[in-house]
Amino acid sequence: MHIVENFLSTDEYKQFTSLVANCTEKEVGEAHYNDDNAIQGFDNSAYIITTPEFQQWWLDILKSKKYIKDTVTPKDIVSLYILETKPPYHANWHRDSLPEEELDLGSIILYFGENLNVHDGGLFLAKENENDIHGQWVLPTDNVCTINPKDVMHLVTKYENKDIVRKIVIMFLKQKDFT
């Protein structure tokens, strides 16, 4: 897993905020993924559908930074949306791949908006294998990106501060589409 601070340049970030502002359609219905109720707080979350313009821009950014293959097109995206989670929210240890569908996924998450305080919760913790006793953690911080091409085990620590909205862009791709 790669963790990249200041993922977007100043100009890219301006483009990003402009494109995000145009993504206003909220997804209706059940969440597409919640393996064994790994994620708690879906009912407190807003899923904002990305526009085709945003999708192409995001792929171009990821290609230019060499995280995904140049051949990836919007048709290869398994899922790409903006997620705004509000407390109470947390995720138990899980992987994103869907073995029953023989779908090996990787993910890319870009945090944006307010920086969270480490004492507020909402941290992303990851480890390579289920039985590992050490790993990595990420404090949701504006313009920090996690690139998870191999689908490591991960969780989100619980947060309950009602003043917090955790904002991310999250994309799932097949593992074969990463560099």
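Let's start with helix α1, residues 10–21. Helices here are DSSP runs of H or I, at least four residues; strands are runs of E, at least two; both are numbered from the N terminus.

A word on the source. This is a predicted model: local features need pLDDT of at least 70, side-chain atom pairs count only at pLDDT 80 or more, and totals for chains, interfaces and linings use all residues. Residues are numbered from 1 along each chain as its sequence is written, and side-chain values use heavy atoms, with hydrogens and water left out.

Back to α1. Which of its residues are buried? E12, Y13, F16, L19 and V20. Buried means under 20% relative accessible area, exposed over 50%, with a 1.4 Å probe and protein chains only. Those five cover an arc of only 125° around the axis, taken from the directions to the C-beta atoms, which puts them on the same side of α1. An α-helix has 3.6 residues a turn, so residues three or four places apart point the same way. On the other side, T10, D11, K14 and A21 are exposed.

What covers the buried side? The cover includes α2 (52–64), β4 (79–85), β6 (105–112) and β11 (166–174).

Now the whole protein. It has two helices and eleven strands. The order is β-α-β-β-α-β-β-β-β-β-β-β-β. Buried residues make up 49% of the 179. The C-alpha trace spans about 35 × 35 × 35 Å along its principal axes.

Definitions and conventions:
Contact means heavy atoms within 4.5 Å.
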